[in-house]
Amino acid sequence: LSPFVAQSDDRRRDRNTNAHGTSLLSCGDVEQNPGPSKLKVVSVNVRSLRSRATELEKLLHDQDLDVVMLQETFLSKAVDAQFEGYTVYRRDRAEPKTKKGRLRRGGVATLVKKNLTSEQT
């Protein structure tokens, strides 16, 4: 797996916080985010989650990721995909096979660390 890792530019973040964050907080109706100061988020085109589950588990463990967005999972409703410590949100293809009997591709999933508040909408 070769994930795309989104990392913030600390200088830009600090500049924006100092310039705008302080003035927003002084309004009285805005609170600072109580969550983690930095989230580790990755996006991975897994091209079959079932065949890459072990690699993904290693990536989750080694990188201590907060949110993982997966594309091309190739999963169907019949497949259970769970990862320890993560809530898994999925959108599988409606039909697992085409009219010609070939397996459909596609599907997405988002893994969110269980210590973060999240919900599927």
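# Exercises on a predicted chain

Arg 90 has its place in strand β4, which spans residues 86–91; strands here (E, at least two residues) and helices (H or I, at least four) are DSSP runs, numbered from the N terminus. The model is predicted, so that local features need pLDDT of at least 70 and side-chain atom pairs count only at pLDDT 80 or more, while totals for chains, interfaces and linings use all residues. Residues are numbered from 1 along each chain as its sequence is written, and side-chain values use heavy atoms, with hydrogens and water left out.

**Exercise 1.** Find which polar contact the side chain of Arg 90 makes with another side chain, and list the residues that Arg 90 is in contact with beyond its neighbours within four places in sequence.

*Solution.* Begin with the definition: a polar contact is a pair of N or O atoms within 3.5 Å, where, within protein, one must be able to donate a hydrogen and the other to accept it, and residues adjacent in sequence count only if both atoms are side-chain atoms. The partner side chain is that of Asp 92, at 2.6 Å. Next, look at the backbone: the oxygen of Val 79 lies 2.7 Å from a polar atom of the Arg 90 side chain. Finally, take contact to mean heavy atoms within 4.5 Å; Arg 90 then touches Leu 75, Ser 76, Lys 77, Val 79, Asp 80, Ala 81, Val 108, Ala 109 and Gln 120.

**Exercise 2.** Sort the residues of strand β2 by covered and uncovered face, and then follow the chain from β2 to β3.

*Solution.* Recall that in a regular strand the side chains alternate between the two faces of the sheet. In β2 (residues 41–45), Val 42 and Val 44 form the covered face, whereas Val 41, Ser 43 and Asn 45 form the uncovered one. The strand runs parallel to β3 (residues 67–71), and five bridges join the two; strands pair if DSSP finds at least two bridges between them. The path from β2 to β3 goes through helix α2 (residues 49–63), in a right-handed β-α-β crossover, meaning that, with the strands pointing away from the viewer, the path from the first strand over the helix to the second runs clockwise.

**Exercise 3.** Decide whether Lys 113 is buried or exposed.

*Solution.* Locate Lys 113 in strand β5 (residues 108–113). Buried means under 20% relative accessible area, exposed over 50%, and partly exposed in between (1.4 Å probe, protein chains only). Lys 113 has 14%, and is therefore buried.
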